[in-house]
Every structure is written in structure tokens, then in C-alpha cells.
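Here is a note for a colleague who is opening this structure for the first time. The points are numbered so that each can be checked on its own.

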Amino acid sequence: MIRNYLKIALRNLSRNKGFSFINISGLAIGMAAAILILLWIQSEISYDQFHEKRERIYEAWNKAHFSGKLQCWNTTPKILARTVEKDLPEVERAVRVNWPRSFLFSIGDKRLTVAGNIVDTGFLQMFSFPLLKGDPKTALNGGFSILLTEKLAQKIFGDEEAMGKTIKLDNKDNFTVTGILKDLPNNTRFKFEYLLPWGYLVRVGEDDSSWGNNSTRNYVLLKENASLASANEKMKVLKPRYDKDDDPAWEMFLYPVSRWRLYSNFTNGKEDGGLIEFVKLFGVIAAFILLIACINFMNLSTARSEKRAKEVGIRKVVGAQKRSLVGQFIGESILISFIAAVFAILIVQVALPSFGQLTDKKLFLDFTDIRFWLFAAGFIIVTGLVAGSYPAFFLSSFNPSKVLKGTFKAANALITPRKLLVVLQFTFAIILIICTAIVKQQIDHARNRESGYVRDNLVYHFLTGDLDKNYALVKNELLSSGIAKSVTKTSAPITQGWSDSWGFEWEGKDPNDKTDFDRYSADESVTTTMGLTLIKGRDFNLKEFPTDSLGMIVNESAAKVMNFKDPIGQIVKDGDTKYHIIGVIKDFILQSPYYPTKPMLIGGAKGWFNIIHFKLNGSNPTADNLKRAEAIFKKYNPEYPFEYKFVDEEYAAKFKAEERTGTLAALFAALTIFISCLGLFGLATYMAENRIKEIGVRKVLGASVTGITALLSKDFLKLVMISFVIASPVAWWMMHQWLRDYPYHVNIQWQVFAFAGLLSFAISVLTVSYQSVKAAVANPVKSLRTE
């Protein structure tokens, strides 16, 4: 019996090649899209879930009121790790991880800059980053130990044994390789190529016990069966206990590893979603794309019901039960699903490199994992059941007496399941078109926002090695050689905020004021080099005004907060240091272009410096400028590579996440429309075939090609219009919710909906009209000669 069903299914596929192609290609594309999205989702939800002790790993967070809001953030004092080990009996271990740091690695004549982390010695006993060589319990115990990833060890030493080899860091200290780490998986927040012991920071004087310096990530491992609630009650009082000068309401809490990636957005001190919203959204998109492909199968199968009605009638007459017919048709749909799945996997394999590049992930299908095959089998069966269930019950319900008498006709009611399914298809497609358009508008809105500085020809370089010591010489040669128009040094790149603080004092300050300021340090010519707009006062000028080393430039937002009638000359205290304001600049975008600018204070030459910015001379070719600049940098800093960055490229990178969202939405919208149009094309083809004699009669009676085309197309276009009416408010609500996360956002305009409606209408007309016109121009003699 099964062989008989299989033979019939294959004959039907072979006999109706056009419909078989539409069914299989639509399902294959839908399945491929769903698989790609599910791979992305799997990567996201598995972030840092491979750690063996993940159920007991937490990150320490701060919670305090600033700028009128209860804010939460995940950098805490360095002293916290040792404190929780001492004060919280629930804690088994605590480790600190500093921000990623780059060093110059010197091995013989080889030089390369490498990024990694400085961590406490217990890091590898908390997190499951396996060592291929070395002992995780002791590898970081030595003061001059260093661990390398397998990839970095291969890059530095090739096929030589790396263990025990010496590496000089920043031309100062020699470190011995005491462990080789397995390369990090793609689904972790940690992105290091080396690990150094925390003792290095102690030795260079960068460790501190200040409760006001929130600059480190502290991770806590609770004891087995320890109570998180109990630990958090004790965490709440640590800050007030040890820092009596700060806000007594300041709290700390422990946040579980399972929520770091997907849920770590906080609003007014409460968890408020995060990346999980995108995971859910793309999960819905995957389900709907697959459902749309299944709808094609349902519609085409039920549309062709008259072709198989006699088969059903005969089977029922000879004794076939309804359940056996249902089983037959379900089996056929699972067979088609299986064939489609084979093509879907081929499509996925071809698309994975490009999709991985788009999503910035290393995604792959693991054919060696039994779970993949179990999932694939389940995926095929579920798809087959969803696609074949309605057609199976529909076809098996035919009355054999009507079918065999020739009186059976498919229903043409005002509302039919087939019409509802077409509406559902195009509703989802139109929603994606509208969302894609609004995401693009939001990106353009932020990109066109005035940045507040001139990005063209602006370059920055880290003050590595001897550059800080030789800064004056480098600056003079860049200017005198005509390579640069102006040069300055700063605490951070103009595109990034590396420091913020509160507690500044000024005359007339409200005692309850807790404004959080972005902090920055700059040398002479900062406004000239960056192209900042001075509203009042002047730039730093140490030659004419030596006291500018303790000068300060504030932005408009800071001036408003301080509420000075005339800010110039006013004193701002930072602890024991007194700054005097020499200038006010227009606000500029330091961090996200989607958010309002914060109050900002730029201190003078007494500050700290990490970056040199220089404005290239636009009169010279850029390549020539950079080549000559490299020679100058090498002259005064010969051991370090010349690694520059263009500010305009760094600024453009701020839009990558939203651009990725927009591109994915556009891609899935295109796939949805394509799959929907495949189904629409198939339905139009079958409709034209079924009404061929009616069309012949109408032509004989004088109907025009245009009239017949309109007659055949109007029913489909009505369905598309209904879809548009349903999709518009749904899309508006979705985009309204999405835009709420961006204080600086575009307003949703009616033109977007008009564009989506016209586009979907035009695509539908093109899809349906081909078959309609083809039927309308056919010779009526051929269609009527049998009558």
C-alpha cells in the first residue's frame, strides 16, 4: 500500500511539472530561510551557555540615580571582587576582567599588536575556556605568565612549540607562555587572544581600591545551593558600607549569565528586554515565511481539487476510508517536504557564508551531530503536516456520488479558506515591506543628523610606545611637512566615550544634582582639528595662556546644567582639582547618533591622553599623506606599527547594527514576496486553465483583451487590498514599539504605507496579469472546438 501511494505521488509530481516546481521551490526557499534564521537564533540563545558552572555564574551590576533616572550598568570597582569573597558567605569565588587591552608583542624580529584581557588567577576555574596545554589551576599564577589562544600561538610561533617561549610586551616586560587556550567559540561575550594575570596591573600601578572607580567587570561564582536572593540582599549594602561619602541609596546586585546576552536592557532600574525582542521577532518571521510556503502548497492543492476528485471518488467507492485518504495525502505532502528539504539544505550551504557575513557570525550546519538529523526529520514532518493537513481533509471529504456523476464543482464562495490564506500571505509580506522602509528611514534620519564635527580627512592613532613622549616632535613634523593641517591629542577617539563621572562642583550647584557628565581631555587645537563649533570663548592655547593646562571647554548641554549666565571664567571642581572654563562648544555626537548628547567636560593638558588626532591636508593625495605620516611615526616610534583609523569610517560603523536589521528585513521581505508571488502565479495559472472556455465564449461575444484581463485579475487584487488594510495598522504598531527605543527617531509617515501598498499592488498585477493576458489573447476556436 505504501509503495502504491509513493508511486501515485511520484506520478502526480511528474504529470504536473509546473505545479510541482512551484510547490517544491516555494517550500525549499521557505525552509531555507527558516533554517538560516533558526541558526542565527540558536547562536544568540546559546551565548555563554557552554560554561559548565553557568547556573552559578553572575556579573556584578550597579544601580543608582543619575540625571533624574535610576540607571543600571555592569562596570564596578576593582575592590569588589575581594570584598564579596570576604563579606558574602554565599560566594565561592570572584574574578575581575579588565576592558580589552592591546599590547605590542615582540618575538625576535616579529612585531604585532594583540588584544586581550587581564584577569584574576581564578578566571579559568570559573569559565569553561579549555586549555589545550597547561594547567588551568596554575597557568595564571605566575606574575609574568601569559596564555595564548591556539590561533595566536600558531600565528606567532608557527609549528614550533609555544609553551615556555618568551614574549616581550610593549618593549618592557618579558612574559612566559604557560598555557595554550582552545580558540574561543563564536557565541561568547569574551573576545580575547591572550590572558594576563591581574598582578600585571598591580605591578604597573593600575590597580586601586577606590569605590568610586567603576571601571571593571566583576564576575561572581556562588556556592552550590547558595541563595541568590540572600546574596543580593548583602550586595545592596556594600557600596554604602564602604563608601560613606556617596549616595546611601546606591545598590549593587548580581545578574545571571543566562540573561547577559538577551535581557540586559534596563529602564528605571528594571529589566526591560534587549536582544530577546529581535530573537522573538525573527522567530516569528521564520515561522511566517515557512507558513507562507506551506500556504502555497495548500492553495495549489485545493485549487487542483477537481483534477483529483474522481480519484478520491473511485477510492471511496471501492472501500477506502477517510483516514486512509487523509494518510495518503499527508504522505504526499511529507514526500514533497522531504524533496524540498534536500534543496533547502543545498540553498543554506550556498547562502551560509554570505548570511554569516551579514549577521557577523560563523554559522554552520553540523552534519555529524545526531541532533541535527533528528531536528531535520522533525522539521520535514512538521512542515509536511502543516502544508498537507488542510488539503488532505479537504480532498478526502468529497462526496463520491457527486464526483462520479460529474456534478462536483469547487466552491466559489465570497469567503473561502483559500482566499483567507492568500490574504494572510500578503499581509505578512506588506508588513515586512513597511518595516523595511521605516528601518531605512530611521538609519538615514540618524546618519543625516549633524554630528557636530568635521569627519573628512580626520585620522586618529593610539599613543603607543614612545609617541606620547615624542608627541611634540611628531606634531611639528606633521605640520611642517604639510601632511596635516592641525594636530591634537585626546583621552579617547572623537567617536567614543571612554569615561563619564559625576560629583563635579560649581558655584550655585543644586546639592541634589547628580548629573552624569561625559569626560574628555584634550590638548591645543582640539576645536580646529575636530572642526568643533565654538559658541563662546576660545580653544586651548598653552603658549599664550599657560594656565590652560587646567582650562576646561564645556558643551552646550553642560552649560545649561550649570546654569551660568556667562560660563567663561567659572570654576569647576573635580575633587581637589580646579578647572576654569575657557570655552563653550556646540554639542557633538560622541557616542550613539540615535540618542541625545550628554553634558560634556573637556579638560586641558593636565588630563590623561591615549590618542593623537590629525587633520590630513586635503590638497595632497590621501595615500601620499599616509605614507609620509607613517615614516614620521616610525621615526619616533620605531618598534610599533603605524595603525591609523579614519574617523568617518568609525562614525559609519555606529549604524551597522541598524543597517544589519534593515538588510535582514529587506531580504526576508523579498523572500516572502517571492514565495507569495509563486503561489499567486500558480493560482492564476490554474484559474486561467479552468476558465478557458468561459474566456472563449466572452471573446466570441466581443469582450476585449483588457476587459478579460481585468476580469481575471480583480479577485486577486481585491485580496491584496484587504491584506494592505490589515497589514498597515499592525506594521505601524510594530514600528512604533521599535522606535520607542530611540530617543532621536523618525516620525512614521503615511507615504511609507502608500509606497508599500502600491508596491505590493504592482507586484501582484505583474504576477497575475501574465497568465490573465495569456488566456485573454488565446484563440477562442481552440478552447470551444469541443463544444
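1. Lys239 is found in helix α8 (residues 238–242). Helices are DSSP runs of H or I with at least four residues, strands are DSSP runs of E with at least two, and both are numbered from the N terminus. Lys239 is buried, at a relative accessible area of 1%. Buried means under 20% relative accessible area, exposed means over 50%, and partly exposed lies in between (1.4 Å probe, protein chains only). The side chain of Lys239 reaches the backbone oxygen of Trp211 at 2.6 Å. Leaving out residues up to four places away in sequence, Lys239 touches Trp211, Gly212, Asp246, Trp250 and Met252. Contact here means heavy atoms within 4.5 Å.

2. A word on the basis. This is a predicted model, in which local features need pLDDT of at least 70 and side-chain atom pairs count only at pLDDT 80 or more, while totals for chains, interfaces and linings use all residues. Residues are numbered from 1 along each chain as its sequence is written, and side-chain values use heavy atoms, with hydrogens and water left out.

3. Now the overall picture. The chain has 24 helices and 26 strands. Of its 787 residues, 49% are buried. Among contacts in the chain with a separation of 6 or more, 79% are between residues 24 or more positions apart.

4. Which residues have the most contacts inside the largest nonpolar core? They are Ile434, Tyr453, Ile494, Tyr520, Met530, Phe588 and Ile602, in a core of 47 residues. Helix α14 (residues 417–447) gives the largest share of this core, 11 residues. A second, separate core has 45 residues, including Ile24, Ala341, Phe372 and Ala387. A nonpolar core is a set of buried Ala, Val, Leu, Ile, Met, Phe, Trp, Tyr and Cys residues joined through side-chain atoms within 4.5 Å. In soluble globular proteins, nonpolar side chains tend to be buried together.

5. Take Phe588 from that list. Apart from its neighbours within four places in sequence, Phe588 is in contact with Ser451, Gly452, Tyr453, Ile494, Leu532, Thr597 and Met600.

6. Strand β19 (residues 517–521) and strand β24 (residues 600–603) run parallel and are joined by four bridges. The bridge partner of Asp518 in β24 is Met600. Strand β17 (residues 500–501) pairs with β19 in the antiparallel sense over two bridges. There, Asp500 stands opposite Asp518. Strands pair if DSSP finds at least two bridges between them. Is β19 covered or open? It is mostly covered, with four of its five residues buried.

7. Strand β1 (57–66) and strand β2 (residues 69–73) are antiparallel, with five bridges. Asn62 has Trp73 as its bridge partner in β2. Two residues lie between the strands of this hairpin, and Ser67 in the turn has a positive phi of about 50°.

8. Two further residues other than glycine have positive phi. Asp48 has a value of about 55°. Asp48 sits in the loop between α2 (17–45) and β1, and it is buried at 2% relative accessibility. For Asn563, phi is near 60°. Asn563 lies in the loop between α17 (556–562) and β22 (571–574), but it is exposed, with a relative accessible area of 65%.

9. The structure holds 51 aromatic pairs. Rings of Phe, Tyr and Trp (its six-membered ring) pair if their centres lie within 6.5 Å; planes under 30 degrees apart count as stacked, over 60 as edge-to-face and the rest as tilted. Phe105 and Tyr194 form a tilted pair, because their ring centres are 5.6 Å apart and their planes are at 50°. Phe105 is in strand β4 (residues 101–107) and Tyr194 in strand β10 (residues 194–197), so the pair ties together parts 89 residues apart in sequence. Phe105 is buried at 0% relative accessibility, and Tyr194 is buried at 0% too. Elsewhere, ring pairs link Phe50, Phe123, Phe127, Phe129, Phe190, Phe192, Tyr219 and Trp260 into a cluster.

10. Rings also meet charges. The charged end of Lys509 sits over the ring of Trp506, 5.1 Å from its centre. Lys514 lies over the face of Phe66, 4.3 Å from the ring centre. A charge sits over a ring if NZ of Lys or CZ of Arg is within 6 Å of the ring centre and within 35 degrees of the ring normal.

Key:
A polar contact is a pair of N or O atoms within 3.5 Å; within protein, one must be able to donate a hydrogen and the other to accept it, and residues adjacent in sequence count only if both atoms are side-chain atoms.
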